[in-house]
Amino acid sequence: MARACTPESDDNDDYDVQEHQGCYVFIPAGADTARPTKRRRTSGDKNATPTKPTQTPAKVDECLFPVLLNGKEPLEAVQIRWETYHQLWADQEARTNAILDSFNQQTLNDVSEFVKNADPEKYDNKIPTALVLTGPNIASHQPLFEQFKMRICDDDQAGPVVVLTSKDALNLKGTLKKLIKDATESDEGRDDEEDELIVGKRGSKLLNYDLQILQNWCVLHPEKKVVIAVQDTEAFDNHLLSDLISLFSAYLGRIPFVLLMGIATSLEIFHEKLPKAVIRMMQGEKFDVERADELLALVFNDAVLGPKSILRLGPSVSDIIIERQKNHTQSIQTFMSALKYAYMSHFYANPLSILLAFLDDPAGLKKMLTPQHLDAIRTLPSFRKHVEAALEAETVNTSEIRALLTNNAHLTAFVPALLTECHEYAKQLSSTLEVLELTRGCTSAAKIPRYELLPRVLSGDLHVESPLVRELLLSVKKMNSNSLLLLLSSLSSTSLGDTLSPLTSSISELVSETPVLTSEFDVATSSLRSTAVSKKIQISAHKSGLTKNDAEYSELLKKVHEALTECFTESLRPPTEVALHEIFFYNLPAPHKDVFAPCHRGTVEGALTKPADWLGCNCCGDDADEEEDEGGEASVKASLPPTSILYQLFLEGGQLVNAFDLWMAFKGVLEGEDEEEGVEEEAAQALFFRSVAELRWMGFLKGTKKRVDHLQKLAWKGL
């Protein structure tokens, strides 16, 4: 090993072992040890645009889906599944992006107006500051501040916007460098005026972190403001943020600073973060960004319940995604990833998903369906239930049922009608959930969003006889005229709008004569008696005291109640009652649990214990039902990967394992019974060192100071 040349080596010739470390390089047999050719270093124009490596994007035409139906699925059908998946998801992604762009529109307008009117004189010569309460959804902060930057800098052209994050602000000097660079490079004419910016009053060149450079830029652009947007205020260093604000306050008369402070927690925590002297340097307004629950409701209503949605989520998958969204991630990007995975899984594993591509093309569907597709349709539980219901009907057409089960041509002609029926059921269910949500919003009941109502309906827990719906209908029957008109106004844009429109006109005419009308069912209980007889007496007494307009209003209210009851009765039913619902509703929770909520430790332990499940090789498999030793336990085979061998030997020890004993056991396994086929000792030692390092990196063991020749166990299998 070459000796390092250090200043100490000239005066002292003693060799210090601690200044040098040994390194073992293990080169597997058969590896290519040829040294790569050294690339020539070329120097070009510093202003030349660097060439980026070309990345070939995945083409939609390159189908990556497998052939299903036991290898009998036509290649054309596989290609249709692939293209339909991409087409449906592209349409859904475009609609979701439009929602995300318009979601913060009101906040963007308010902040933009604040920046336009920001003037230190209006704020007592303090820094104009916009406190933006962004909420706990960290993943949405970056897109939000990018929208701020695009709106203020590009659309309004109010001045440069410099977005600062905690990872960019390690120290004051580096932060000022980034701030000055981003602010002065925002316009295209910087090259012509660069010399003017970096020269001080005495002609000396300014340092690149001197705010005098930014001041010179502001002299050349007097109409511009310098907007500093702090994206993650909580992650910033307290002292660094205080120093920045103090500098901005000192230069406020020469540089028109405007601050945008992103706050994920609350104003109280923000005030506790900074000294009071620094807080007194700022003055501004507070802007609330809409809550994550509201954004989730908008995206969910469009992606899962929208009229343009074709593929929808089943009860189990909906529960998993919504529960994880509310309790763990609170990120719309994560929700969209889960939704995209549901799309991909459905078209990847379901050969009947091609039917979704022919909803408006029955002729094309008849050409595409093969006998294997028809047999798969006949095995669907919903189709079997449809046939059984037809057999139990009052008028049984046995020839029709027999044709569905035996005649492929008849079933092919019958499938488009079943698809249309299921698609109409899904759209009707979505509109009914909207009616249910709006109706609850007009009563005193707590508001329940549609993404919580949908799993209840799909699982059969929410129907017209359920307590939630019965209490809602009872509340409607007790509404006065003002509350009912408010309800009818909110339902005017729903599927019941045409039905309720004549009733709305009639009630409005009655209200013009009498301002407030009461229902005959709105009986105030003045006693503690709750028997059926007492209630009938109270209703009779209440009816006798009603006016003519109240009686007419009660009749109109009954019609509204009947319309809502009919709507809930027809639509609030589970999809299991509809044929071919498996094609429109994706309800396989296992893939989502494995992908979005994986069990890392169990997976790692399983891979180390049974590597054949992951490697797919015969050498690591269980030959002859696993060779067993005298104790009845499976022996460790030399054909296993070295890390797997060491892990299984490591499990046999206690909390402290002697490293030499572990090495001898590891060496004995590699050598095997036949010493000629064993591994050389040097190679075995290199494999041992590498396996120990990998187990240490995965957190299974570590060194201990109590016994330097021992390894301490940090994890036990199954615990």
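Where is the place of N125? I'll come to that in point 2, after a word on the model itself.

1. A quick reminder before you load this one up: we're looking at a predicted model. Local features here rest on residues with a pLDDT of at least 70, and side-chain atom pairs count only at 80 or more.

2. Back to the opening question: N125 is in the loop between α3 and β1. Its phi is near 60 degrees, which is a positive value in a residue other than glycine. N125 is also exposed, with a relative accessible area of 57%. The cut-off for calling a residue exposed is over 50%, so N125 passes at 57%.

3. On to the rings. The structure holds 17 aromatic pairs. Take F65 and W82: their ring centres are 5.0 Å apart and their planes meet at 85 degrees, so this pair is edge-to-face. F65 lies in the loop between α1 (7–11) and α2 (75–103), while W82 is in helix α2, so the pair ties together parts that are 17 residues apart in sequence. Buried or exposed, what is F65? F65 counts as buried, at 8% relative accessibility. W82 counts as buried too, at 7%; the cut-off for buried is under 20%.

4. Then there's F300 with Y451. The centres of these two rings are 6.0 Å apart and the planes are at 70 degrees, so the pair is edge-to-face. Here F300 belongs to helix α11 (residues 292–303) and Y451 to helix α19 (residues 450–458), so the contact ties together parts that are 151 residues apart in sequence. F300 is buried, with a relative accessible area of 0%, and Y451 counts as buried at 4%.

5. If you're colouring the rings, F65 and W82 are the edge-to-face pair from point 4.

6. Two charges over rings are worth a look. The charged end of R254 sits over the ring of Y251, 4.3 Å from the ring centre. For K713, the charged end sits over the ring of F650, and the distance to the centre is 5.1 Å.

7. Last, the inside. How many cavities of 30 Å³ or more does the count come to? The count comes to one, and the largest cavity has a volume of about 40 Å³. Its lining is made up of V304, L305, R312, L313, A426, L429, S430, L454 and F585. The elements that give two or more residues to this lining are β6 (312–313) and α18 (408–441). The largest share, three residues, comes from α18.

8. Among the lining residues are R312 and S430, if you want to pick them out while viewing the largest cavity.

Key
Residues are numbered from 1 along each chain as its sequence is written. Side-chain values use heavy atoms; hydrogens and water are left out. On a 1 Å grid over the protein atoms alone, a cavity is a set of points where a 1.4 Å probe fits but cannot get out, and a pocket is an open set with protein on both sides within 12 Å along at least five of seven lines; lining residues have an atom within 4 Å of a point. Grid points are joined across faces, edges and corners, and a volume is the space filled by probe spheres set on the points. Helices (H or I, at least four residues) and strands (E, at least two) are DSSP runs, numbered from the N terminus. Buried means under 20% relative accessible area, exposed over 50%, partly exposed in between (1.4 Å probe, protein chains only). Rings of Phe, Tyr and Trp (its six-membered ring) pair if their centres lie within 6.5 Å; planes under 30 degrees apart count as stacked, over 60 as edge-to-face and the rest as tilted. A charge sits over a ring if NZ of Lys or CZ of Arg is within 6 Å of the ring centre and within 35 degrees of the ring normal.
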